Amino acid sequence: MMPEDRGWSGLSAKLVRLGRPADAEPGFVNPPVARGSTVLYENMDAMRARSAQRYEHALIYGAMGGPTQSLLEEAIAAIEGGRHTQVVSSGLAACTTPLLAFLGAGGHCLMPDSVYGPTRRFCDTLLRRLGVETTYYDPLIERSDLRALMRPTTQVLFAESPGSHSFEVQDVRMLAQVAHEHGAKLMLDNTWGIHVFQPFEHGVDVSIQALTKYPSGHADSVVGAITVVDQADWVVVRDAAVQIGQYASPDECWLTLRGLRTMGVRLERQSRSALVVARWLQERAEVARVLHPALPGSPGHAFWARDFNGASSLFGVEFKPKFSASAVEDMVAALAVFSLGASWGGYESLALPTTGIISRAASRRQPDIGDGGPALRLHVGLESPEDLIADLDGGLAVLRAASA
Ligand SMILES: Cc1ncc(COP(=O)(O)O)c(C=O)c1O
């Protein structure tokens with residue numbers, strides 16, 4: 001079995017049953033959407049007793065979450081291999097809420113240079129204003145260099161593996177060891193690696209999912225999840241989420257639960273198609289490099305081969321420097337099967353020019369990232385690989401013509 005195919009057996013059997021209430025009335029397969037704000041209690045004793053259960057997904061107060069949210073939380077905790085999950089309003093909120101929870105004034109945070117742009121902006125603006133300093137590190141940093149960046153005040157080491165634009169797979173085991181040696185928490189944005197990377201087996205303390213992507217899967221809902229294994233970490237995360245009023249609506253959670261049922265077949269199909277398309281692109285004369293974690297030569301591929309059970313369907317393409325960024329934009333405009341869009345993980349294929357985002361990282365260990373030509377990020381959906389390749393073939397003709 002190829003490493004990219006290891007991860008799919010058993011997934012759908014699990015997804016069919018996760019987050020289904022044992023006592024569902026009237027016995028429908030799917031749970032209903034439970035909407036509500038006010039929770040009624042029989043008396044003050046009952047109110048006090050329930051309020052004491054705020055870390056147990058008890059129905060206490062609408063904004064703290066209800067039964068539909070809890071079912072999604074159970075399902076995500078199981079997929080991530082964690083013990084407790086908190087759903088929040090978006091994937092970005094799933095990044096920012098634990099950062100707020102574990103960092104304080106005078107604290108220090110280490111962020112990979114490849115991190116999702118809005119997470120970076122949160123560090124550079126709001127966290128800075130709150131007195132937290134952020135240092136960006138090369139996502140492929142080595143142990144001794146990382147140790148040199150750790151400070152007595154470092155509270156969080158953050159990772160995003162692979163980076164969602166430049167696709168470096170990180171050595172998460174090493175990051176966990178260094179973080180823990182220094183008493184810091186390791187947080188991982190595991191959105192790309194849902195199911196195929198088991199964060200807690202590699203020492204991660206807090207795993208983050210933009211459920212908006214593959215779990216939701218239909219480009220029609222926005223939700224995030226924060227998962228932990230440790231009870232003390234859970235208290236910190238849950239308290240922060242409740243205090244800042246983090247809330248995911250039951251409708252969004254229900255849509256995400258519904259999306260999860262087919263995530264196994266979608267991921268398997270999309271992952272395979274993405275590899276077919278990525279390998280085809282590798283052979284094209286216009287292409288300098290394909291940034292796909294499962295392909296040898298992609299940055300951090302050895303960590304992918306060691307730690308992952310498969311791949312998702314988002315990857316990058318760098319063109320040769322003789323092609324201009326505007327020619328790539330002409331190419332994208334000519335595509336008919338791929339649409340232009342940023343939020344990925346749905347059933348549809350997307351193409352997004354990413355030249356500026358990748359070249360910002362020129363100081364990294366991988367000197368060839370950003371030194372090549374313009375870049376494109378592709379998200380492969382459920383369309384057939386033949387149709388996607390024919391579309392890209394036509395797009396490459398436009399790229400050549402626009403650069404002639
Ligand atoms: C890696 C990663 N993390 C987090 C997010 C944020 O997710 P959301 O769109 O739900 O806020 C995204 C969105 O693109 C992402 O790519």
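Visitor: Before we start, what counts as a helix or a strand here?
Guide: Helices are DSSP runs of H or I with at least four residues, strands are DSSP runs of E with at least two, and both are numbered from the N terminus. Please keep in mind that this is a predicted model.

Visitor: Where does the ligand sit, I mean, which residues are closest?
Guide: The ligand is surrounded by 14 residues, and the closest of them are Ser90, Gly91, Leu92, Ala210 and Thr212.

Visitor: And which helix gives the largest share of that shell?
Guide: That is helix α4, residues 91-102, which contributes three residues to the shell around the ligand.

Visitor: What classes of residue make up the shell?
Guide: Sorted by class, the shell around the ligand holds seven polar residues, five nonpolar ones and two charged ones.

Visitor: Staying with α4, at what angle does it pack on α5?
Guide: The angle between α4 and helix α5, residues 117-129, is about 40°, and their axes lie 10 Å apart; the crossing of these two helices is right-handed.

Visitor: Which residues meet there?
Guide: From α4 come Leu92, Cys95, Thr96 and Leu99, and they meet Pro118, Thr119, Phe122 and Leu127 of α5. The contact of α4 with α5 contains six nonpolar residues, two polar ones and no charged ones. Leu92 of α4 takes part in this contact, and Leu92 is also listed among the residues closest to the ligand.

Visitor: What about α3 and α9, how far apart are their axes?
Guide: The axes of helix α3, residues 67-80, and helix α9, residues 250-260, are 8 Å apart, at an angle of about 35°, and this crossing is left-handed. On the α3 side the contact is made by Thr68, Gln69, Leu71, Leu72 and Ala75, while α9 supplies Pro250, Cys253, Trp254, Thr256, Leu257 and Leu260. Eight residues of that contact are nonpolar, three are polar and none is charged.

Visitor: New topic: which residues does the cis peptide bond join?
Guide: The cis bond joins Ser161 and Pro162, with omega at about -5°, and Pro162 is found in the loop between β4 (154-160) and α7 (172-181). As background, most peptide bonds are trans, and most residues other than glycine have a negative phi.

Visitor: On phi, what is the value for Phe167?
Guide: Phe167 is not a glycine, yet its phi is positive, near 65°, and Phe167 is placed in the loop between β4 and α7.

Visitor: Is Phe167 buried or exposed, and why?
Guide: Phe167 counts as buried because it has 27 C-beta neighbours inside 10 Å, where the cut-off for buried is 20 or more.

Visitor: And Ala219, where is that one?
Guide: Ala219 lies in the loop between β6 (206-210) and β7 (224-228), and its phi is positive as well, at about 55°. Ala219 has 18 C-beta neighbours inside 10 Å, so it counts as partly exposed.

Key. Residues numbered from 1 in each chain as written. Predicted model: local features only at pLDDT ≥ 70, side-chain atom pairs only at ≥ 80, totals over all residues. Axes fitted to C-alpha atoms, helices over the stretch in contact; angles between N-to-C directions. Left-handed = near helix turned anticlockwise from the far one by under 90°. Contact = placed C-beta atoms within 7 Å. Nonpolar A, V, L, I, M, F, W, Y, C, P; charged D, E, K, R; others polar. Near = placed C-beta within 6 Å. Buried ≥ 20, exposed ≤ 12 C-beta atoms within 10 Å, placed from the backbone.
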